[in-house]
Amino acid sequence: MTLQKSVSCVESSVAWQMATKSFWANLPKPIIGLAPMEGYSDTAFRQVCKHVNPAIVTYTEFTSADGLSHGAKRLKEKLAFASSEQPIVAQIFGKHVETFIRAADVCQEMGFSGIDINMGCPAKKVVKSEHGVALRRNLDLAFQLIETLARHCTVPISVKTRLGWSDSSDLVQFGIGAQQAGADMICIHARTYKEPYNVPAHFDPVYEMKKQVSIPVLGNGGITSVDDGLSKLGNLDGFLIGQASFGNPWVFSSSPHTFEEKIPLIIQHAEWMVESKGPKFGILEMRKHLLQYVKAFPGAKQFRSALCHVSNIDDIRISLDQIAHHAAHYEKLS
Ligand SMILES: Cc1cc2nc3c(=O)[nH]c(=O)nc-3n(C[C@H](O)[C@H](O)[C@H](O)COP(=O)(O)O)c2cc1C
């Protein structure tokens, strides 16, 4: 079975448009995107999700502005993307105005459609350095970073943040301030810093914030499908899907019916992974995705160990074919 035949491919109604400051405002609504996720939303996985639904927007994994500004080759390689991924947004984190400017120059030269500032990461190391969500406790600096990039860059500047630190009481103030500083879009992960990823997201404060700003606002958090996102859209301009895409890029469209039909895209994922990260590291990275691809399938337990030990694309193909053989049995029963 060929890849083209097996995947459900929603034709993009949007011809790719050159990035301008009004890029977010001009995108057809609702905007649907793959959330930035360190360790997941790399070029291979972004291409997989775009293959399923070419109309989605994707972000890079968050990348250090300090590192980029010092010309770190490894970080530039991490940011690399295929032209088919457009429109794609580079996400950067940090706290120094000067390094943000130099990092933004790198991103613009690389041809990104936009630059997003991470103000939501709760990782201990990041918060301790006063990056990520820590900027929600330093609003002057947060707005200064937005304003500097908004003035300096020709591409649009967006911000991804959380409801707040321990509640959402300053979300409206944040939204208005970010807009005044020049942000072209805000995405809110509808959980506070204190809340873990598995507690339900609360969208009401995001709807309230959107009432007070005119720039596009995206919601994110706990969205399990496009229909689920549409049901939570309210007055927002779109939404991002994160963890529900793990092992299920079809979340952006409709899922193929059988495991066998999923195999060509999974193999293509592995090929893009090897292309971007090399045969050794690419396959190592692919193992966690393979486990995600089979996680919901009841008969897959016995194959997990084999998937954890694949060392090349042929191994992957053999394991997936064996699983498909067993899956056919379960699928017949269901
Ligand atoms: C493994 C992992 C890595 C993440 N990395 C980033 C990141 O690099 N930048 C960012 O803004 N958010 C990051 N996030 C947060 C997601 O973008 C998203 O806001 C969060 O997962 C909530 O959406 P979900 O419930 O649909 O997963 C990460 C989340 C996860 C689970």
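Modeller: Here is a walk through the helix contacts, with their setting and a few backbone details.

This is a predicted model, in which local features need pLDDT of at least 70, side-chain atom pairs count only at pLDDT 80 or more, and totals for chains, interfaces and linings use all residues. Residues are numbered from 1 along each chain as its sequence is written.

Start with the layout. The chain is assigned domain 1 (11-252) and domain 2 (259-333); such bounds come from an automatic or database domain assignment. The centres of domain 1 and domain 2, taken over C-alpha atoms, lie 30 Å apart. Nine residues of domain 1 and 10 residues of domain 2 form the contact. Two residues count as in contact if their C-beta atoms, placed from the backbone, lie within 7 Å. On the domain 1 side, four of the touching residues are nonpolar, four polar and one charged. Here Ala, Val, Leu, Ile, Met, Phe, Trp, Tyr, Cys and Pro count as nonpolar, Asp, Glu, Lys and Arg as charged, and the others, Gly among them, as polar.

Now the helices. They are DSSP runs (H or I, at least four residues; strands are E, at least two), numbered from the N terminus. Take helix 12 (residues 259-277) and helix 13 (residues 279-294). Their axes come within 7 Å and cross at roughly 150 degrees. Axes are lines fitted to C-alpha atoms, for helices over the stretch in contact, and angles run from 0 to 180 degrees between N-to-C directions. That angle is why helix 12 is roughly antiparallel to helix 13. Under 35 degrees counts as roughly parallel, over 145 as roughly antiparallel, 65 to 115 as roughly perpendicular, and the rest as oblique. From helix 12 come residues including Ile266, Ala270, Met273 and Val274. Helix 13 answers with residues including Phe281, Ile283, Met286 and Tyr293. By class, this contact has nine nonpolar, four polar and three charged residues.

Next, helix 9 (residues 171-181) and helix 10 (residues 204-211). These axes come within 9 Å and cross at roughly 40 degrees. Helix 9 is therefore oblique to helix 10. Their crossing is right-handed. Leu171, Val172 and Gly175 of helix 9 meet Pro205, Glu208 and Met209 of helix 10. Four of these residues are nonpolar, one is polar and one is charged.

Helix 6 (residues 97-110) and helix 8 make another pair. Their axes come within 10 Å, at roughly 35 degrees. The crossing of helix 6 and helix 8 is right-handed. Val97, Phe100, Ile101 and Ala104 of helix 6 touch Gln144, Leu145, Thr148, Leu149 and His152 of helix 8. This contact has six nonpolar, three polar and no charged residues.

Glu130 sits between helix 7 (124-128) and helix 8 (139-152). Its phi is positive, about 65 degrees, although Glu130 is not a glycine. Pro30 lies in the loop between helix 2 (23-26) and strand 1 (31-34). The bond joining Lys29 and Pro30 is a cis peptide, with omega about -5 degrees. Pro87 lies in the loop between helix 5 (73-79) and strand 4 (88-93). The Gln86 to Pro87 peptide bond is also cis, with omega near 0 degrees.

Terms used
Left-handed = near helix turned anticlockwise from the far one by under 90°.
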